[in-house]
Amino acid sequence: MTRMDKLVYLDNAATTKMKKNVLDSMIPFMTDAFYNPSASYEKAKETKKKIETAREQIAKVINAKPEEIYFTSGGSESDNWALKGIAFSNYEKGKHIITSAIEHPAILSTTRWLKDQGFDITYLNVNKDGIINIEELEKSIRPDTTLISIMSANNEIGSIQPLKEIGAIARQHKIPFHTDAVQAFGHIKIDVSKMKIDLLSASGHKIYGPKGVGILYVKSGIKMESLVHGGEQENGRRAGTYNVPGIIGMGTAASMALERLNNSSEEEIRDYFIKRILEDIPLSKLNGGTKFRLPNNINARFDSVDAEALLVMLGQRGICASAGSACTAGNTEPSHVLSAIGLTSKEANNSIRLTISDETTKKDVDYAVKVIKECVGRLRGRT
Ligand SMILES: *Cc1c(COP(=O)(O)O)cnc(C)c1O
């Protein structure tokens, strides 16, 4: 990157830049208000109160009750807890779990582990837009099914699942419904009551909040095993001294996200970005559909261009993007998500993901498209 190039961060699905308001709200809890919220003196009680405010701020985003929000160390822990907690508490009833083929590794690695523990897993296929088939879901339900876990929105192609329809079917069959909403929480409207969601994972650092903090929403009355045994925090269901600054920061980030939900221009910028790519760059295609897609997600492929080489070149010009998910970066296997929507491994390896933030401008997009076009041209010229 030369001194003249500007930096355009287009990897907001991997992590987001923390907002200043979020940081400001956290600092007191790393300095003067350092108390352990579980202690009994007044100062500690004040801190505990702030934790309860954060719980309310987060619950409001998904129309849950504050007491249904459990703090965790992030999306991966929430996903692990939801799956293992439900699977083992229903061990006697059955060992069948339904999920999808395009889940995040935090789900897929956990289901693989559960399979080794004797559980039976069904992976639902998706169509070319990355959406599951509701009839296929209903057909895959068995008397021994104890959990349905389908992500709200995909981290690679941004596809949004029909949550309300999934929730209706799960409730009708009295099967708990978990959704990995790490990409969706605070980015699209989710109502756990209307959508009949029983468990939901979210993470602070995907909504301009801090890293290392997340939540699992667990509907009142849901039976599940604890993941971390120890003290009495979180009703004894998730022990460990509170990550106070992280929790306060996630609360602030959640209330800011709720405000943005009603007046965001992200979708317009996304559509402009897609249009510019398809118009300006020869032999380029959009991966996934346009109708049910996260407002910040673009995933495109460029014929005969190696995505890894393109990303290195873009990085040198100040454009931060990624291929597939960050969790599999460096891996030469084609993305399981792009394979699931029907791309050949060649097409998958021609693909990059560009995820915008609420601060990305049309000017940033114009610059990015210009640079991508130049790099794509150079890489094609080499072969
Ligand atoms: C980022 C992400 C996770 C993991 O969340 P962490 O807080 O980073 O552990 C899980 N699922 C999805 C869909 C994600 O995008």
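Me: Between which two elements does the loop with T15 lie?
Reply: This is a predicted model, where local features need pLDDT of at least 70 and side-chain atom pairs count only at pLDDT 80 or more, while totals for chains, interfaces and linings use all residues. Residues are numbered from 1 along each chain as its sequence is written, and side-chain values use heavy atoms, without hydrogens and water. Helices (H or I, at least four residues) and strands (E, at least two) are DSSP runs numbered from the N terminus. The loop holding T15 runs between β1 (8–9) and α1 (20–26).

Me: Is T15 buried or exposed?
Reply: Buried means under 20% relative accessible area, exposed over 50% and partly exposed in between, with a 1.4 Å probe and protein chains only. T15 has 18% relative accessibility, so T15 counts as buried.

Me: Which residue's side chain forms a polar contact with that of T15?
Reply: A polar contact is a pair of N or O atoms within 3.5 Å; within protein, one must be able to donate a hydrogen and the other to accept it, and residues adjacent in sequence count only if both atoms are side-chain atoms. At 3.2 Å from the side chain of T15, the partner is K211.

Me: Which residue of β12 is the bridge partner of A300?
Reply: Strand β10 covers residues 297–302 and pairs with β12 over 5 bridges. In β12, the partner of A300 is I352.

Key:
Two strands pair if DSSP finds at least two bridges between them.
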